[in-house]
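Subject: Structure handover

Hello,

Here is the structure I said I would pass on. Please look through it first; my notes follow below.

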Amino acid sequence: MVVTYVHHVGIPVYDLARAEAFYRDVLGIGRSPIPSYNPASIVFLACGSSMIHLIRYGEEIQRPGRKGIHWAFEVDDLEDAYRRVVASGCEIEIPISARPDSTQYFFFYDTEGNRIELCRH
């Protein structure tokens, strides 16, 4: 058996409409042509050859801690992405920085409190 690619990642959200608007309007990630099997609780977003599932859980479901996990997305223009995220009012955790391999990145918290990294290799 060989894993061939990431099919989707599931990101927990409190407010499905607010989260979808953020991912669509700020990050430019639109709906997948594949319809959600539970549209009242899950939105499928298209992200390259993979998908993002925004999943609305009830309050009884524990969320990961702020540093517990994160999702990283490659962008074509990191400076523009940074300006858009700042303008949206999201909390920036780490401003644009460079790794030893010269990858540029920044971390922020989305509208639902999820830790997100945007990067440019």
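In these notes, two residues are in contact when they have heavy atoms within 4.5 Å. Please keep in mind that this is a predicted model.

I began with Glu-117. This residue sits in strand β7, which covers residues 115–120. Setting aside residues up to four places away in sequence, Glu-117 touches His-70, Trp-71, Ala-72, Phe-73, Arg-99, Tyr-105, Phe-106 and Phe-107. Its relative accessible area is 4%. Buried means under 20%, so Glu-117 counts as buried.

Next is Leu-27, which is placed in the loop between α1 (16–25) and β2 (42–47). When neighbours within four places in sequence are left aside, Leu-27 is in contact with Phe-22, Val-85, Phe-108 and Leu-118. There is also a C-alpha separation to note: Leu-27 and Arg-84 are 57 residues apart along the chain, and their C-alpha atoms are separated by 7.8 Å.

The last item is the largest pocket, which holds about 160 Å³ of space. Two elements, β3 (50–56) and β4 (71–74), each give two or more residues to its lining. The lining residues are Val-6, Val-9, Cys-47, Ser-50, Met-51, Ile-52, Trp-71, Ala-72 and Phe-73. Sorted by class, eight of them are nonpolar and one is polar, with no charged residues.

Regards

Terms used
Residues numbered from 1 in each chain as written. Predicted model: local features only at pLDDT ≥ 70, side-chain atom pairs only at ≥ 80, totals over all residues. Heavy atoms only, no water. Helix = DSSP H or I, 4+ residues; strand = E, 2+ residues; numbered from the N terminus. Buried < 20%, exposed > 50% of the residue type's maximum accessible area, 1.4 Å probe, protein only. 1 Å grid on protein atoms, 1.4 Å probe; cavity = no way out; pocket = protein on both sides within 12 Å on 5 of 7 lines; lining within 4 Å. Points joined across faces, edges and corners; volume = space filled by probe spheres on them. Nonpolar A, V, L, I, M, F, W, Y, C, P; charged D, E, K, R; others polar.
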